[in-house]
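Reader: Could you take me through this structure with a few questions and careful answers?

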Amino acid sequence: EGQTGQPSTLSPMPTPTTVSTASGALAGCTTVAMAIQNVCAICAGVPLCWGQNNAGELGLGTLTAATNVAAPVTVPSGATWTQIVTGEPRSCALDTTGRVFCWGYGPHGELGDGGHASNYPLPVAP
């Protein structure tokens, strides 16, 4: 599904490998969160995700096939993101001001926005 950061034809990966973005190797990461089919990280204050995306769990605004390339989550610009968690198939990120945004599939209210699914990050309602 691309969660190793390599084409899915190379899975499983018996040795560590580099995960890349569209512009080069992923670097400056402070936290990583992994689920069964997707992975997210905070790198240089920006959340990025890769892996399966059939439920919008990468937060890219699309429902597409898996990707092995880390892509920025479509969270509001100008914020510095500090923490990220991911579950199957949803994720949430926290910024330095305390705002929380979640995305993916949440049939039982897991996204905290009153909805059940979003391929775009939405703020968690207070």
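Reader: Which loop holds A44?
Author: In this predicted model, where local features need pLDDT of at least 70, side-chain atom pairs count only at pLDDT 80 or more, and totals for chains, interfaces and linings use all residues, the strands are DSSP runs (E, at least two residues), numbered from the N terminus. Residues are numbered from 1 along each chain as its sequence is written, and side-chain values use heavy atoms, with hydrogens and water left out. A44 lies in the loop between β4 (38–43) and β5 (46–53).

Reader: What is the phi of A44, and is A44 buried or exposed?
Author: Most residues other than glycine have a negative phi. A44 is not a glycine, yet its phi is positive, at about 55 degrees. On the scale used here, buried means under 20% relative accessible area, exposed over 50%, and partly exposed in between, with a 1.4 Å probe and protein chains only. A44 has a relative accessible area of 67%, so this residue is exposed.

Reader: How many strands does the chain have?
Author: From the N terminus on, the elements run β-β-β-β-β-β-β-β-β-β. The chain has zero helices, and its strands number ten.

Reader: What percentage of the residues in the chain is buried?
Author: The chain has 126 residues, and this percentage refers to that total. The buried residues make up 39%.

Methods. Helix = DSSP H or I, 4+ residues; strand = E, 2+ residues; numbered from the N terminus.
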